[in-house]
Structure formats: structure tokens, C-alpha cells
Amino acid sequence: MRLDGKVALVVGAGSIGSGVGNGRAISILFAREGARVVCADINFQSAEETVKMIREEGGEAAAVQGDATKSGDAKRLVDFTVELYGKLNILVNVVGIASGLGVLETSEDEWDRVLTTNLKSIFLMSKHAVPAMIKSGGGAIINISSAAAFVAHPCLSYGTTKAAIINMTRCMAVDLAKYNIRVNCIAPGFLDTPMVAPIMDDTRRAFLRQVIPLGKIGTAWDTAYAALYLASDEASYVTGTTLIVDGGLLAAGGRRRGEEKLV
Ligand SMILES: NC(=O)c1ccc[n+]([C@@H]2O[C@H](COP(=O)([O-])OP(=O)(O)OC[C@H]3O[C@@H](n4cnc5c(N)ncnc54)[C@H](O)[C@@H]3O)[C@@H](O)[C@H]2O)c1
């Protein structure tokens, strides 16, 4: 019960397909650890599915629909949480969309869509959540970046946003420390989630097992356990940091397993 008595708002708590994405796993794990969880998503049915899974385990959760890129909705999600559970201790910004396009292929609309969804959602959710957290005596904000923040991919807009989230996290951490609000980030590597299922064929899986030192693709639960630590009081002296959860992918820098020795 590492989150006993806490109230969490997870934004992007559904999953793009059937199965368990990052927001769903975080919501379920937080509830298992004693938090009351508001599961917010642009897709209400998907948020409700997460809540159903939590309630089946005896946890406490509620679903709410909202678009985190709209200021009015972002405020409404925070108000809903405070009205229902009386306070707000933890905000997890999971919302994110992928785009695999390069400079020439990315249209202006695509650029705006990815930057708005991946960055503006964090800004607006945090802006509206912080006053509620201050009233609650402090809190923890967790943003989800990606290993794609650290290396060059052809995915221009996605990689740009995921790198920006890391410094956005630091800026917010320094700004909000005076209110006892900690802000941290998680950068997951390759995970078996519904989001990446369409691009995960056998060839790619075999290649990833070669370049990931731990020899396996992660799951949404790996992100969730990192989020649990950062949300809990165990991380009370941790703010402004990014926790990489990638099986060693970035550390190996693309070398295949067994080829670690360069000389
Ligand atoms: N899956 C991976 O391998 C992986 C790796 C690194 C980082 N990430 C990051 O993790 C996050 C979640 O990924 P996932 O695989 O769980 O994806 P997902 O698509 O399953 O979950 C994201 C959820 O956000 C919701 N959403 C989208 N736009 C929204 C909006 N404007 N307002 C409210 N909700 C909205 C979607 O409906 C969906 O339920 C993303 O930020 C992604 O970039 C994923």
C-alpha cells in the first residue's frame, strides 16, 4: 500500500487497443497500492474499461472523458477529481501519439497535432492541477517521455516532443518545488503495448532482442512500477529527473548483445 490515502489523476488512462497500455497499467497499479484513481481519457469507453479492471480487483476508481489539449476540459478533469475524492496528490500525464514521419513527409497539420497532443496536454493539465495540489499540501507530477528523446529517429515531431518533455519536467520541477510539488519523467524504451503492436512483427522483435541488453521487450507494467516509485513518498527527495526504463537499450548505443567489447 505504497499510495495509501493518495488521490491520483491519470490522463490517458485508457488504451488505444485492447490490452494494457501505459496509462491503464499505471492506473491499475496505483489502485492496487491504495490510491483512489480518476481515469481520464478522450475515449470514455477505454477509461471505463480501465476502471472496470480496477473495480474487479476491489480498487477504487472513476472514469471521466476529456481532451487534455483543451484548457476547459483539463480544468474539468481536475475539478471532477477534487469534487469526487476531496483532493489531488498525483497527476500522471500519459497522453501521447506517435508519428513516424521525417521532415519532408511531415505536414504542418501533423506537426501541430503531435506537438499539441504530446506537449500542450502536459502544460494544460499541470497548470490546472497545481492549484489543487497546493491546496492538498503538495504533490507529484509524472510525465511520460520516451527513449526516442535521446537518439535521432526519423520521427521528427514525436522525437522533438519527447525530448522537450524532459526539459519541461526540469523547468516545472524547479518552479514548483516551493509548493512541495515534485515533477519527474519516465522515458520508456520499446514496450509491448497496443500502441506499437502494428509495427511489431517477428523480424523487429528478433532485432530488438539483439540490441536490448536485457534481451527482452518491456511491458506497460515496467513503466507503471517506475511511476509508482516516483509517485510514492519513497521518492520524496527526487524531482526534475528522468528515469529511463529501456532494458539498457540506450546504454548499449545500438551494439548487439555479445558485441559489447569494442576492443
Ligand atoms: N508503447 C511504447 O512502447 C512507448 C514507449 C515510449 C513511450 N511511450 C509513451 O507512453 C505514452 C502512452 O503510450 P501507450 O502505448 O500506452 O499509448 P496508448 O495510445 O495506448 O495510450 C494513450 C491514451 O491517451 C489517450 N489520449 C490521446 N489523446 C488524448 C487527449 N488529447 N486527451 C486525453 N486522452 C488522450 C488515448 O485515447 C489513449 O487511451 C505516450 O506518451 C507514448 O509516447 C510509449
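Predicted model: local features only at pLDDT ≥ 70, side-chain atom pairs only at ≥ 80, totals over all residues.

Q: Where is P213 found, and with which residues is P213 in contact, leaving aside its neighbours within four places in sequence?

A: P213 belongs to the loop between α6 (202-211) and α7. Apart from those neighbours, its contacts are G247, G248, A251, A252 and R257. A contrasting pair is P213 and E105, which are 108 residues apart in sequence and 33 Å apart in space, C-alpha to C-alpha.

Q: Turning to the chain, how many helices and strands does the secondary structure comprise?

A: The chain has eight helices and seven strands. Its C-alpha trace spans about 55 × 40 × 35 Å along the principal axes.

Q: How is the packing of two helices described?

A: Two packed helices are characterised by the angle between their axes and by the distance between those axes. In this model, helix α1 (residues 22-32) and helix α7 (residues 220-231) pack at about 50 degrees with their axes 8 Å apart. That angle makes α1 oblique to α7, and the crossing is right-handed.

Q: Which residues make the contact of α1 with α7?

A: From α1 come N22, R24, A25, I26, L29 and F30, and from α7 come A220, W221, T223, A224, Y225, A227, L228 and A231. By class, the residues of this contact are eleven nonpolar, two polar and one charged.

Q: At what angle do the axes of α1 and α2 cross?

A: The axes of α1 and helix α2 (residues 44-56) cross at roughly 30 degrees and come within 10 Å. Angles under 35 degrees count as roughly parallel, so α1 is roughly parallel to α2. α1 passes α2 in a right-handed crossing. Here R24, S27, I28 and A31 of α1 meet T50, M53 and I54 of α2. These residues divide into four nonpolar, two polar and one charged.

Q: Is α1 buried or exposed?

A: Ten of the eleven residues of α1 are buried, so this helix is largely enclosed by the rest of the structure. The buried residues are N22, G23, R24, A25, I26, S27, I28, L29, F30 and A31. After α1 comes G34, which has a positive phi near 100 degrees.

Q: Which residue has a positive phi although it is not a glycine?

A: N180 is such a residue, with a phi of about 60 degrees. N180 lies in the loop between α5 (156-176) and β6 (181-188). It counts as partly exposed because it has 15 C-beta neighbours inside 10 Å.

Q: Let us return to helix packing. How do α3 and α4 cross?

A: Helix α3 (residues 71-85) and helix α4 (residues 108-135) have axes that come within 8 Å and cross at roughly 35 degrees. The crossing is right-handed. S71, A74, K75, V78 and V82 of α3 make the contact with L124, M125, H128, A129 and A132 of α4. Seven of these residues are nonpolar, two polar and one charged.

Q: Is L88 buried or exposed?

A: L88 is buried, as 26 other C-beta atoms lie within 10 Å. Its place is in the loop between α3 and β4 (90-93). Beyond its neighbours within four places in sequence, L88 is in contact with V7, L9, V78, T81, V82, A129, A132, M133, S136 and G139. L88 and G138 are 50 residues apart in sequence, while their C-alpha atoms are 8.8 Å apart in space.

Methods. Residues numbered from 1 in each chain as written. Helix = DSSP H or I, 4+ residues; strand = E, 2+ residues; numbered from the N terminus. Axes fitted to C-alpha atoms, helices over the stretch in contact; angles between N-to-C directions. Left-handed = near helix turned anticlockwise from the far one by under 90°. Contact = placed C-beta atoms within 7 Å. Nonpolar A, V, L, I, M, F, W, Y, C, P; charged D, E, K, R; others polar. Parallel < 35°, antiparallel > 145°, perpendicular 65-115°, else oblique. Buried ≥ 20, exposed ≤ 12 C-beta atoms within 10 Å, placed from the backbone.
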